[in-house]
Structures are given as C-alpha cells and as structure tokens.
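Q: I am new to this structure and would like to learn how to read it. Could we go through it together, one feature at a time?

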Amino acid sequence: MATQDRGNARNRSNGKTGLRWMGLALLVALCGCQIPARSYRSGIGKDTAPVITIPAAPTLPAADKNLWPPHPEPACDESNLLKRPCLAFMEFDDFGEPWQRTLVNYRPTDTTNPANHRLTAGRPTQLDRVIDLIIEAKKQDPWGQPLILTFTHGWKHNASSGTKSGGDDADIIGFEATLNRLQDPQTGEWKGHVVIGIYLSWRGGLISPYWPVTQQFSYWNREATAARVGNSSMTDAFIEISDAAKRGGDCSAKDPCSQSPYCVSASKPGQADAAQSACSPVVLFIGHSFGALVLERALSQAIITRMESEWNQARALRISGASTGMAIDPLASLVIYVNSAAAATESKQVMDYLASSGFRYSPDGSARQRPLFLSITSEADLATGLLLKAGHAMPLIKYKWNDSMREASKEPAADLQSTTAYARACFDAADPQGKPSLRTDLAQTEYYMSTTAHKEALWSHTVTQGPPSKRTDADPFCKPGTGNVYTTCTIDQFDYTIATAPNRCNGTPYWVLQVQKELIPDHNTIFTERLIDFLTAFIPAPPSPGGPITPLQLTRSSN
Amino acid sequence: MTRANPRRVIHQVQRRCVERVFAALFLAWTIAAGAGHASAQMLAFETSDSGSGAAGLVAPNLAPPDPAPSTQPQIHTYATASEQQGRLTCPGGFPTDLTVTDCSFTHDQRMLQWINTSFTDQAILGAVVYGLGAEIIKSPDAWGRTWKGYGQRVGVRYTQAAARGTAEFVVGTLLHDDPRHLSYKDDPHTPYGTKIASCKDGVITTVTYPVVEPGVWKRVGHAFVDSLTVLRSNGCGIGKRMPAYSRFVGIAAGTYGGFGWNPRSENTVSAAAQRFGTAYASTLAGSFYTEFSPELLTGLTRLITTKIKEH
C-alpha cells in the first residue's frame with residue numbers, strides 16, 4: 001500500500017512538473033521568437049554599407065574559411081563599375097516607409113569624385129545612393145546601356161548580412177550570384193556592360209527560423225504587410241529609379257551620359273539618334289513570392305498613371321489624321337513576377353486596362369510582340385499553387401459572408417452598350433486588326449483563390465517541353481519562332497517552346513505563363529542558370545559593341 | 001494447471017516483435033553495407049578522404065567529354081570559378097542553382113535542426129499531437145485520461161524529443177555526418193543523372209549517366225539503406241556512406257529519455273525496444289517519403305487540380 005502511495009505521489013509530482021515544463025515552453029514560444037524590425041544596410045555603426053561590391057565568384061566548394069560572400073562585404077567602388085557589379089540596398093519598414101533619411105543638407109565641393117554624394121535633408125538616403133549609382137552606371141557603360149536590375153524579395157527574407165561570411169540572406173546571395181553570372185567576362189550575356197543590382201527589402205521575415213511552426217502561421221500577417229509596403233514610398237522609389245535610368249541621353253553637358261564614350265566620340269552630339277543610342281539602360285523590376293505582391297501594389301497605379309500621362313502628351317502632339325498608334329515610354333523595360341504569391345485579383349485590373357486600351361509592346365513597333373509584364377510560375381510551386389488556396393480560404397468565407405464576391409454569368413444582362421456582369425477585357429496584341437472584347441466566364445472568387453500564373457484561363461502563352469535540338473556553344477539559348485511560336489529555348493536536356501495560348505483572352509503585354517519543374521523546381525529555387533537562360537528570351541538583349549540599339553515601343557491603338 | 005498471465009503473454013509477444021525488428025534491422029544493415037560497397041564499385045572510382053575533410057570520389061580518367069556512344073557515362077571537368085558557377089549540384093539539389101557554394105551540412109544547419117526538433121515549437125507541437133494520441137488510446141494505462149495525464153504524456157514526449165535531438169546533435173557534430181534523407185536518384189553514389197565524381201584541388205568533375213529509370217524495388221531498397229546510413233558531410237556532397245550512428249544513438253536516447261517520467265510499467269526493456277522500433281519506423285517513413293515524394297506530390301496535385309476543375 002505504501003509503495004502504491006509513493007507511486008501515486010510520484011505520478012502527481014511528475015504531472016505538476018510536466019505542466020510546469022509545458023507552461024515554460026509555451027511562454028518561451030510566445031516571446032523572443034521575432035526577428036527585430038530594423039535596418040541592416042544603413043552603413044551606420046556595425047551595419048553593412050548600403051552599396052556593396054559583389055565579390056568574384058569563388059572556386060567551389062567554398063567551404064570552411066572560404067565562404068562566399070565574405071563578411072563584411074566591401075563598399076562599392078563606384079569609380080570602376082565595369083570591373084565588378086555593385087549591389088545597392090533600399091529598406092522599407094512594416095508600413096512601407098524608408099528606414100533611413102538624410103539628416104543634413106550637403107553639397108560636396110569636389111563633384112568629380114563619385115564617392116562624394118549630394119545630400120538633401122529629409123530625402124531617403126538609400127534612394128539617393130541608388131540614384132547616384134545609376135548615374136555612374138550610365139556614365140561608365142561603354143554603350144550607355146547598363147543593366148539595372150531591381151529585386152524585391154518575398155516572405156521569410158530580409159536584407160540581413162548575417163554575422164559571418166556566407167551568412168547573408170539567401171535571396172541576397174542568389175541575387176549577387178545572378179548579377180555575377182550576367183556580367184561574367186566569359187559567359188555573361190551582359191559582359192562588357194555595367195550591371196548593377198538594387199535589392200528592395202522589407203520585413204519579409206517576422207519569425208525566427210528557430211520557430212518553424214510559428215513562422216508558417218505568419219503567412220497572413222506578412223501578406224497583409226506586403227500589401228501595405230507596396231505604397232507611396234516604394235512607388236516613389238521605382239519612379240525615381242526609372243527616371244534616373246531613362247533621364248537624359250542627349251549628350252548635352254547636363255546629360256549623365258555626356259562623358260560616355262559614345263557621346264564623347266559622337267560627331268553630332270545632341271541629335272536624336274545620339275539621344276537614343278547614348279543612354280538607354282535596360283531596367284528590370286523583379287519580384288518573387290510576396291515580393292511580387294509588393295511590387296505589383298507599388299507599380300500598378302504608377303505604371304497606369306505614366307502610360308495615361310504619356311499617351312495624353314503624345315495625343316496632343318499627334319499629327320491630325322494620323323492612324324498609327326502612339327509610342328509611350330513605360331517605367332521599366334520589363335517587370336517580372338516570379339512565383340508570385342499575389343492573388344490574380346491584383347493583376348486583373350491592370351490586364352483589363354491594357355486590354356481595353358489596346359496596348360502593344362514591340363521593338364520599333366514591329367509585329368513581334370514582347371512582354372511589358374511577365375508573370376511566370378512553376379507547375380511545381382505548391383506554395384502558391386495549393387497553400388495560397390488554404391491561406392485564402394478563411395478570408396474568402398468573410399468575403400462570401402459579406403457578399404463581396406461577384407459571380408460569373410453565362411448569359412450576362414446587358415443592353416447594347418454595357419453590362420453589370422462580372423467581366424474581363426480581352427485583347428490580342430499579336431493580331432494587327434485585333435479589337436478589345438469582353439468575356440464573363442470567370443467569377444471574382446476564382447481570381448482571389450489563385451495566383452495569376454496558376455490560372456489557366458489567364459495564360460497568354462503556353463510552354464511545352466520537348467527533346468533538345470542540336471545546339472553549339474555559339475548558338476543563343478533561344479531562337480525566335482514564327483507564327484504563334486514566340487521562341488524556342490534549348491536549355492540543358494530540353495527544348496522549351498513558347499507559343500500563344502489557344503483561344504486566349506489575355507493577349508496584352510501582360511504575359512502569363514506556367515513552366516515545367518525542370519525550369520523552376522519549387523517556390524524558392526529561382527536563382528538558377530536554367531531560369532536565367534529562359535528569361536533571356538524576354539529581356540531586351542544588350543547591344544553588340546558598336547551595333548544599333550532597337551528600343552522597345554509601347555504603343556496604344558485606341559483613341 | 002496454471003492460467004497464463006495476460007500481461008506476461010503480451011510482453012512475450014512484444015519481445016518477439018522487437019526481436020524480429022532487430023533481425024530485420026540487422027538484415028537491412030547488411031544489405032546497406034553491401035549496396036554501399038557495390039555502388040562504389042559500380043562507379044569504378046576510388047573513395048578517399050582529403051585532408052580538408054572533403055571526402056571525394058576520384059575519377060581515374062579525366063578525359064574530355066566522350067562524344068561517342070550515349071550509353072556510356074559522360075565526364076566533364078570544370079576548373080575555373082567562372083565555369084563552376086551553377087555546376088555544384090548538391091545531393092537532392094537543383095542543377096545550375098547559383099546560390100550553392102557548399103554542400104556540407106554546416107554547423108548552423110545542424111544547430112537549427114537541433115533547436116527545432118528538440119526545444120522550440122516543432123518539438124512542442126510534436127509532443128502535443130502525439131501526447132493527444134496517447135491520451136486517446138490511454139497509453140500508458142497508469143496515467144489517467146485526465147488533464148494531468150495529458151500533461152504527463154506531453155511532458156514525456158517533449159523530454160524524449162529533447163534527448164533524441166541533443167544526442168543526434170552531439171554525435172553528428174563529432175562524426176561530421178549529413179543526416180538528410182536522399183532518394184535513389186539524388187544519391188551521389190547511384191548511377192543516375194549527373195553526379196559529381198570528384199571535387200579536388202579546385203576542379204569539379206561530373207559524370208552523366210545514360211538515363212535508365214530505376215525500378216520500384218531498387219528504390220524501396222534504397223529507402224531502407226537510406227534509413228540506416230548517412231553520408232559523411234562533404235563540401236561537394238559526395239561523402240562516403242556510413243552507418244547512421246547519430247540517428248540510432250538519438251533514437252536510443254529518446255527511448256530512454258522518458259525514464260524519469262514514465263510509470264514503472266513503461267521502464268522495461270521490451271517497452272523501450274517498442275519505443276525504439278516506433279521511432280525507427282518514423283525514420284523509415286521519412287526515408288520512404290523522400291524516395292517517393294515526387295510521385296506522391298504529382299499525384300496529389302493532379303487530384304486536387306482535377307477536383308477543383310470539376311467543382
């Protein structure tokens with residue numbers, strides 16, 4: 001009996017201890033697992049410099065004491081951008097405001113040294129550094145056509161440089177490796193050009209990876225944050241980056257490209273041909289995962305505003321009776337959303353705008369269309385393919401409860417001129433005689449419960465995978481196609497043929513396509529040679545030394 | 001004539017089961033060792049450990065790519081940093097991934113795994129869920145189906161997870177192993193796809209095998225082997241296979257980790273062996289999932305997509 005009592009007492013004691021342990025564990029779980037809200041790249045104190053030089057690729061494996069990139073990374077050598085790519089950082093807080101602002105007004109006496117930056121109190125300091133870097137890039141590129149690549153990261157990432165070599169955020173390492181690859185003196189598509197990267201950072205990581213379950217539940221919180229971050233300050237940053245890249249080009253004394261070899265050697269500086277050739281950087285805005293949501297939120301209104309404004313200016317100057325479309329200069333050469341985690345409701349309004357306005361985007365206004373927006377996702381991206389549906393299921397119930405979602409209608413009520421049915425505008429830019437039309441086949445729920453590129457009805461193009469054709473090292477990865485085939489790319493073991501989607505509604509410059517897992521294996525593995533090679537089919541090619549530049553033209557056909 | 005004690009009968013059955021599990025383990029282990037040896041022979045390469053800890057397979061012939069018959073393995077070498085970008089494909093990694101500069105299982109990764117599986121929310125969630133299961137089936141009997149009993153069940157599982165994770169961390173750190181599961185196709189020592197053959201003196205040599213899809217039994221066998229062995233951590237991901245000491249020490253630590261908590265009836269050899277077998281079964285399930293997850297995920301995606309389309 002006494003033994004049994006002792007056993008019971010021990011069990012009671014164990015139970016209390018167990019509950020105490022559980023309580024302690026829960027207490028620890030509820031605190032101390034957040035990644036602090038802070039700036040990592042201010043250059044103040046121990047923070048790494050806001051503009052860094054990307055070190056040369058290491059001999060692999062870069063193990064032990066040879067980890068890549070080194071820590072801390074060296075500040076950018078802005079006097080020699082051709083030698084190594086530089087990467088600038090811009091950081092935004094949870095409400096989309098820039099982390100760092102300039103305290104004082106300062107104008108350097110020696111303006112010839114690129115390291116002497118002008119300062120204006122109240123301005124976002126990191127943005128000013130970015131603009132200075134772009135101006136330097138334009139000055140130093142031999143052909144006035146540097147590659148300016150911006151990348152907006154997604155969930156669980158930030159601008160952290162870690163505490164030791166190789167400790168940078170994985171997206172920074174991937175972006176640096178990509179810039180290195182593009183400017184590689186042997187194999188890079190942009191060898192001989194200046195390549196700069198701009199890493200737009202927000203607090204994508206809320207919970208430490210040491211709390212993996214809690215981290216997953218930060219999905220809704222970070223999605224809401226991403227939607228908030230893509231706000232005025234980031235829109236301003238994109239517009240200023242675009243303007244700094246595209247401004248000037250007339251080889252006049254005030255032109256950032258006036259010292260470029262082209263302007264110096266041009267026989268008639270200030271003329272129109274010089275203007276186009278001297279300064280036409282390729283500007284790419286790229287967003288991944290929730291970063292694509294940030295980018296889409298920040299850009300959509302700005303891009304439409306820019307297009308409308310330019311179109312109105314062009315229309316005012318149009319020769320009376322002219323029948324051709326009018327050229328418009330968009331904010332970026334190409335906007336790429338990779339494995340976007342934004343619901344298709346985000347892109348729908350832009351696609352409607354592009355379709356109903358009859359936009360076309362092509363080099364020199366030719367029939368061969370190019371994308372202005374490219375939303376690309378992998379069939380193997382389960383994070384945006386399935387988990388987004390799970391993540392949006394609860395909010396959908398709320399929307400349904402409030403009767404917010406509009407339904408599709410097979411026979412929409414309409415008079416001769418309009419309908420109140422839920423509809424989407426359709427337009428095929430590849431058809432020279434194409435006119436905008438309307439379809440009422442999709443409900444609003446279908447947009448909300450899918451990303452753009454996972455929704456087959458929104459595809460502008462299809463990608464088919466086949467056995468590889470013979471290719472030598474001298475051949476380009478992608479060869480232009482004819483008819484409905486845009487291009488065929490030979491990448492490793494396969495040929496990828498990109499063709500217009502059958503019976504498509506979306507024939508606008510907002511291209512939407514889904515690719516095979518051999519190109520993008522999952523949600524996060526995006527910094528790969530395969531994907532870079534594939535994307536070269538869509539990115540305007542750099543000019544060959546001394547060769548002509550064919551600028552892309554966005555034209556609008558409707559009045 | 002005396003009636004058989006039911007508890008004793010159950011214990012005898014359990015003991016027999018445990019003995020069979022161990023016999024199966026031993027058999028699989030033997031196969032694993034044989035298969036590891038065979039795969040090394042199949043590659044016809046000599047395994048070696050370099051002084052820097054980079055164990056590697058050294059190709060006997062670093063000839064340029066053989067353009068002739070495609071039925072023969074193709075060998076490529078990449079000597080400069082520029083050529084090597086995207087060529088270091090770690091086991092299970094995606095080819096041409098530019099972010100990969102090192103395939104070893106780093107100290108930071110091991111630390112992250114230790115903390116996650118032993119202490120933080122993943123360990124807590126595991127204890128809460130499995131504790132709930134034990135509460136439902138009332139295991140062990142000595143603890144009532146009460147909140148107190150639930151607390152005890154969760155507590156003991158949390159302790160076991162901590163003991164297992166810590167033992168794995170310590171032994172894994174000492175042996176420098178790479179505990180990540182690999183499928184047959186991703187295994188650096190199987191003749192499938194493009195694999196790194198050697199990685200010495202700043203030169204990466206890859207070998208590309210003719211495409212021959214492995215049969216199901218070969219993959220099942222590999223899943224068993226993979227549950228019993230691990231690779232030695234290596235910068236090029238081509239470390240030698242060795243018995244998964246850290247895994248089994250971890251399982252054993254987890255098995256005995258709850259001794260201070262458990263009622264006396266659970267602190268017997270047969271009960272411990274049962275826990276050991278269950279823990280190994282979960283490892284084996286993980287290995288099988290790794291082996292067959294591509295088919296599982298493809299099937300699942302297809303099923304859901306079809307259902308959504310029908311809806």
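Q: Let's begin with one residue: where in chain A does A:Asp522 lie?
A: Happy to start there, keeping in mind that this is a predicted model. A:Asp522 sits in the loop that runs between β17 (510-515) and α13 (529-535) of chain A.

Q: Is A:Asp522 buried, exposed or partly exposed?
A: The idea is to count C-beta atoms around a residue: 20 or more others within 10 Å make it buried, and 12 or fewer make it exposed. A:Asp522 has 15 other C-beta atoms within 10 Å, so this residue is partly exposed.

Q: Which residues does A:Asp522 touch, leaving aside those up to four places away in sequence?
A: A:Asp522 touches A:Ser378, A:Ala380 and A:Asp381. As for A:Arg181, 341 residues away along the chain, its C-alpha atom is separated from that of A:Asp522 by 21 Å.

Q: Now the whole chain: how many helices and strands does chain A have?
A: Chain A has 13 helices and 18 strands. Of its 559 residues, 48% are buried. If we take contacts between residues at least 6 apart in sequence, 74% of them join residues at least 24 apart.

Q: How many residues of chain A are in contact with chain B?
A: There are 45 from chain A, in contact with 41 residues of chain B. Helices that each supply at least two residues to this side of chain A include α3 (170-183), α11 (382-401) and α13. The largest share, 10 residues, comes from α1(A). By type, the residues of this side divide into 26 nonpolar, 14 polar and five charged.

Terms used
Residues are numbered from 1 along each chain as its sequence is written. Chains are lettered from A and ligands numbered from 1 in the order in which they are written. This is a predicted model: local features need pLDDT of at least 70, side-chain atom pairs count only at pLDDT 80 or more; totals for chains, interfaces and linings use all residues. Helices (H or I, at least four residues) and strands (E, at least two) are DSSP runs, numbered from the N terminus. Two residues are in contact if their C-beta atoms, placed from the backbone, lie within 7 Å. Ala, Val, Leu, Ile, Met, Phe, Trp, Tyr, Cys and Pro count as nonpolar, Asp, Glu, Lys and Arg as charged, and the others, Gly among them, as polar.
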